[in-house]
Amino acid sequence: MKNSWINNFILCIAVFGFCTGAVGSALADEPPAKTEDASAVPNRREAFEAALKSVLDEEQRKALQAAFDHSESIGEVLTLLRALRPDEATRALEQADLPKDFDLFFQGWIFHQLGNYDKAHEFFGQVDKAALEVDGYLANRYDELSKTAAALKDFDVFETSNFSIRYQDGPDKVLLAFLPDILEQVYREYARIFQFNRGEKIIVEVMPDYQLFSYASALTKDQIETTGTIALCVENRLVMMTPRRVARGYYWPDVIAHEYVHYILTKHSRDKAPLWFQEGVAKYFESKWERPDADPLGALLETSLANAIEADRFLTVEQMMPSFAALPTAELATQAYAQTASMVDYLCQTKSEDIIYQIAVDLPHKEDIDSVLAALLGVKFTTFEQNWKAWARTRNYRVHNEINPFEGVTLLDEDASSEGIAEIDRENDKGRKHTRLGDLLLERNRYQAALREYQKTVVAGEKIHRQILLRMLRCLRHLNRPRDTIELIEQNVIALHEDATMLVHLGRAHLALDEKAAAAANLRAATRVNPFYPEIFRLLMQTYSADENKAEVQKIERLLETLNKKPVENKETKT
Amino acid sequence: MHQLHQSLSRYGRRLMLARVWRTTLQWLASVGAYYALYFLTALTVKSFSINWPGLLYVPIALTVVFAAVGLYRLWQLRNRREVARRLEALHPAMALRIRSALDFLEGKSDESDGQMQQAYTNDVAADVDQLPHGEPARRPWAAYGGAAVLVNTLLIVLFSGALIDKFYNPSISFGQTHLDLSEGSITIFEPEYTQIPGRTLPLKPGSFSAYPGSRVRFMIDLPEGARRLFLEKDGEKPTELPMTETNQVAHEFVLVQDTALKFLVDDAQNGGQTQPYQLKVKQDHIPEVVLRSHTPEGLLNVLDPLIAEVEIKDDFGVKMLEAVVTWEGGEKRIPISVPLERKNHFIARNQWYLSDLDLDKTPSFSIYFEARDNNPINGPGIGRSRELTYELESPERKYDEFMEIARRLLDTMTHTLGDNLDTNLPPRPEEVALREAKILGQSIQQGLYRGSELTNLLITKVRETPNITRLDQNFLYKYRNNISKASRMRAEMDPFYNHYSAFERLEQNHRLEETRLEGLTYELLLQLKIWAVLELERQNNELEQNLDQLQQLLDNSENMDQQELMKMFEKLMNDVLKEFQEMMEKAAQQMDMSMEEFMNMDAANFQQDQMQELKKKIMEALKAGDMDKAKRLMEQMRQQMQGAMNSMQQAMGEMSPEMREMMQQMREFMGLLRELKTQQEKLEGDTQALRRDMDGKMGGNQAQPSQQQQAEHKKIMENIHKKISELYNRLVDFNTEDLLQELDTQRVDLERQLEQGGIPERREHAIRQEMRVLHQTTKFIEQNGLDRLQNATLRSLEQTEKMQEYLDQGELMLSLETGLKLDSFLSRGENVAHRSVPEGMKDDPKARETFSESRNELMEILDSLRGLRNQMERKRRNFMQQSGEQGQEQLAQRQADLQEMIQKFQEQAQESLEGSPLFQKLGDIERAMRSAQGKLNNSQLEGAVQYEQDTLQKIGELMEQLQQAQQPTPNSPMPMMGGMPMQRERMQGDPLIKDFYIPDSQKKASRDEMKDAIRKQLQKNLPDAYGKEIRKYYEKLMDQ
């Protein structure tokens, strides 16, 4: 009870501190715009002290006082850290002369942002956590950072030209076969679009499980699952969940690209970019590194937006705060992405894609986005928003009925090697009787008969439910009917590139038809969703002839070997 | 006084003393001599006895004599002169001198010389002084006396025993050994238990026999001159029997063992003894208890009743008959009533369910019958039957076996469906395709045969499988029929493969078959899931009950010893934990998963550890005597366990949404039934009330049959009763064990004939035919066919008697109702007889004919009663129409509402329960309701009540089946409380079978009895005031 009271109190102080210009003062180029008389501070301090005397003991009061005394410096360092500028934060810290524990903690934090986890861990180890308790936020952050640092310090590092990839030795190493190339490609493309050149190497971390990812992202498992936040740009680095711990995997190249856009924007805008802008731009550009003409929305977002327009039910930018990941439902999160991506699309359509860079770099120098937009577009944000709505209505966004609404992701405790056939949820089961009968037959390897039962559940003109489809594919595979397999998948799977299972089925079917190129293409596509599915590599090997592609075959063999490795876990963070 | 005088006086005193002493010694010597002689005679002469006269008379006489002699001797010394004379006689030297001296002194002498006289006198005086004192003893009487005393003392000391014996048991010598006591009689009263009347016989020696406990009375008129009569029994010392004044002697005794006695008459002239009278004890036989038939020994299913028929014989009657059930660590005696009129020979037919036996958890038990006869004298004689030993089948194992077969059936059906679906019929007939299709068709046919076989197997297993209800049995019957239909259809398709012209029909049938097989497979799958759900529910209930018991144990712990409590608690707790573990494993198995997959293993282990920890804490609290803490911890544990169970159910539910839904539906189903029951009961009551009301307003509505009809009915009923009784007797006469043995002998005989060979073909055929019949008969008996027939007969008999009673009392509607029940029993009996009585036995019990004839006769009464009922109904309806009564319509509406409830539930649960027998049963209920509604709309109250009751009965049945399905297996909760009849307690809590207390009385009536009685009363048209009172009483009764 007492602690929560104190935390609230500290929060007040922090809010007060930031509001009174501490945030402003953190901007290096501009002196803080002081809105209040400086003499008011000691008075309020006295008042606080008087009020606190009655409720806090001596030690707590001292800590609180220390925090209060240095709230400005702390605010400054924090702001720099949020703007992903550890070097500047180091300088600010040197000048701040914070109490020892705060100093150590921030030093550790800075090393953490710099990717020097050993050092970070060392500093965190010296911090007396009790001293940080006066501020709930700092104390929590300390917990999260120290735990991630402890885990990450044992991670292996793989350096590319522009990236420093951190991963846990074990199956995650498989990602190294694909990730560096993609990252470099993304880097090249975005360097062009955003005129961004890195300072230090960009750190990319592959989190081996959701617990560690939770620490890094400060999101709960539920939040991650509801909103599908499986990667983040945080603490001066890109963090992604390993696809092997996400059911069905995910299209990680776009996801990491998305986070990289955030990274660039935060750096460009010194963390001044509003959330809608951040997410909108990231969403808009996430696929453009590879496919410049890619639809910025995609079927899912388009559907969501079409529905929102239809119902005239838009989310305000305030409602989207503080994070899309904190939105209560997956539908709302989807709509938020759709809206913001469309807004950015509107920006780019009305001006050009360059305007994004302009806005981003203007933001640190202007008060807010309003003034930036006013300068660049000649309208305020509200007008811009209205204009966008009018524009959006003319875009004829349509509802894609075949698309299932986004249902979040499912995090796994164990590695998912392949997608199993799960129980069918009731709502989606149209012909339960036939499905059950099909299952009975399938269990007894009566594939032909099972397939006929499953076919009875198919409603003309509707896509086949995924679980039924999987069952049918299994039957077809055993019946050796690759043509039918390809046809079935093509007819029923919409976002094929995000569906490793289907891609593997396709790959296998093509292989059976001796269409090796097509097979290889599908299988490689599958690695972009779930590179941990050994079947992909086994099939892939079959697409190569052992003599001609000796190196490739060896590479795949090594990959398979890696996949069988157990993750090397840090003892302290054993989950 | 002169010196002489003095001397003489002195001398005289001394003499007197000496004489007294001597006389005394003489007396002593003579008495002593007498006694010595007497004793010696008594000791030496056998027949000489010591008696009071001998002991006293002679010594007293001697004493008197000696006293007289003594006195005489003293008289002799009466004066001095006599003393002087005695002295002179003693001493001749003094002859006359003393008397002379005395004369001188007394002046009687002539001598006048005084001096001389003086001198003489002095001389004499001096001489007298010098005379020796006393008289010289001629014999040593002191020695004689002493010797006599010594001899007697010695005799008494040495032979005291013999002498006392001689005194107390005087020996009489009875010379004559064939004394005839002709005047008198012997009467023997046999004991009461024998119920033999008493008998009187002439008093002639000889042999007699009687049952132990008989009273034997001798009346003897003694002959003239007889003084005493002695009785000698079994060679012992004769005892004298008291005699009346009329010289009569009566002697009576209770005969408990063989006895020989004779009488001895003491008579002056005609003394002697009679020849012995031999009284022999007849043997009372112990009861003979023979098992006539019984459930075969060995494995016994817990759901099957234990049937045993015993025949009991006893010479005088059985007082008590008990069935004694023994098992390891326990015994229970079940009293069986003995028919009042037939105590000597009767047959007791018993049927118990295992729950009646209250066995502890035991794998086996034995039972025997023990009869005690009514002999209170040297009994009771105890007779025992052979001991029957049964092993209880493990219900779980049975259930698992059942489920295994069910799974195999599902497997078979799935493959059969697969065969059908795999059949590829081209658009046009092609030879190759048809050939392949034909092969698959054969496989389908085989699959259907196999499915049918497995279903049959399941049907036979249903009887012995606990938890599987009649509903399931119905399902299986229906399932088998459907498979048979499919099989027939498949057989019909066979020729189509060879004719191109029939190709279209083949295709058509093939599609039809596909649908049918799909239905069959899916139906079975659902049923399997229902079973799994019920199993889980049941286990859940069981665990709940066990936890209840633990709680109860703690609640009732005040009166228990701490050690005992702890021991018991620990045992129960271990059981609970073990059961819990097993339950989890079983649930995992149901889901076809390993335990690790089913539950998060760490969580499960953690839970287990926590429970163990809690158990430890509770034990500690118990040890410390802190009951409150123990209860608190127990509550905590209970919650934890329930939590675990919930999560387990959830886990199951999550894995299968169907199962979760089904479980939910089942619960709702039970709720619906309860609600329906309550409402329907109320509706029935209201309909009855309306009917009463109408009848009351009409001023009575009781149709009466004519007298002639009544007489006819009576005659018919008596006839039916007679027929069925006779049938029963015929059936009882079959002793199955003997019969089986006989059949076996016949079979062996026939087999031998066949083996020997060399018989003509026709004869061989006949023998084989005979053997088949024998086989059928054996099978019939082994499958309890006789039992079933007997049951049907008994029930029919019961209903017949009931109906007779109702008819006698003029209760026509109740008669009709009972008549319909009787009809159904008769028809059931007829069916059983028709189906199961083999050819070989047909002529013997004639069961089918009897049932059929009885039914035909009964029909006559039923028709007549129906006519009367319709008459009443018409009358009432007309009255209602005339008086504009609306009540029935409201009732009809209520009935319609109930139907709507059912329909709603049906819609709601359609997906998960459709096709299950539960649903069909619900349909039956709805149909009965609809009929009731129709009757109500048509103002036919009588019919409405009947259908309402029918509905109630159907609801009750369904509820019972559901409850049964959800109840723990009958014998598994028992281990919990060491023989506490938990099952029974639970049963008593069941409103369906609860006993009803009649207010203000001690009697308890069963629900059925009570219902009948109340209905009977309510249907009577009673006078107003009295009627109200009666109604109030019954309303009070109904309120309970």
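Trainee: In which helix of chain B is the place of B:Ile955?

Mentor: B:Ile955 lies in helix H25 of chain B, which covers residues 941-966 (helices are DSSP runs of H or I with at least four residues, strands runs of E with at least two, numbered from the N terminus). This is a predicted model, in which local features need pLDDT of at least 70 and side-chain atom pairs count only at pLDDT 80 or more, while totals for chains, interfaces and linings use all residues. Residues are numbered from 1 along each chain as its sequence is written, chains are lettered from A and ligands numbered from 1 in the order written, and side-chain values use heavy atoms, without hydrogens and water.

B:Ile955 counts as buried because its relative accessibility is 0% (buried is under 20% relative accessible area, exposed over 50%, partly exposed in between, with a 1.4 Å probe and protein chains only). Neighbours within four places in sequence aside, B:Ile955 is in contact with B:Leu673, B:Leu676, B:Lys677, B:Gln680, B:Ile925 and B:Met929 (heavy atoms within 4.5 Å). B:Arg674 is 281 residues away from B:Ile955 along the chain, yet their C-alpha atoms are separated by 8.6 Å.

In helix H18 (residues 369-377), the buried residues are A:Ile369, A:Val372 and A:Leu373. Seen down the axis of H18(A), they fall within an arc of 95°, so they line one face of the helix (the arc is that of the directions from the helix axis to the C-beta atoms). Their cover includes helices H14 (275-285), H17 (354-362) and H19 (381-394) of chain A. Just after H18(A), A:Gly378 adopts a positive phi of about 85°.
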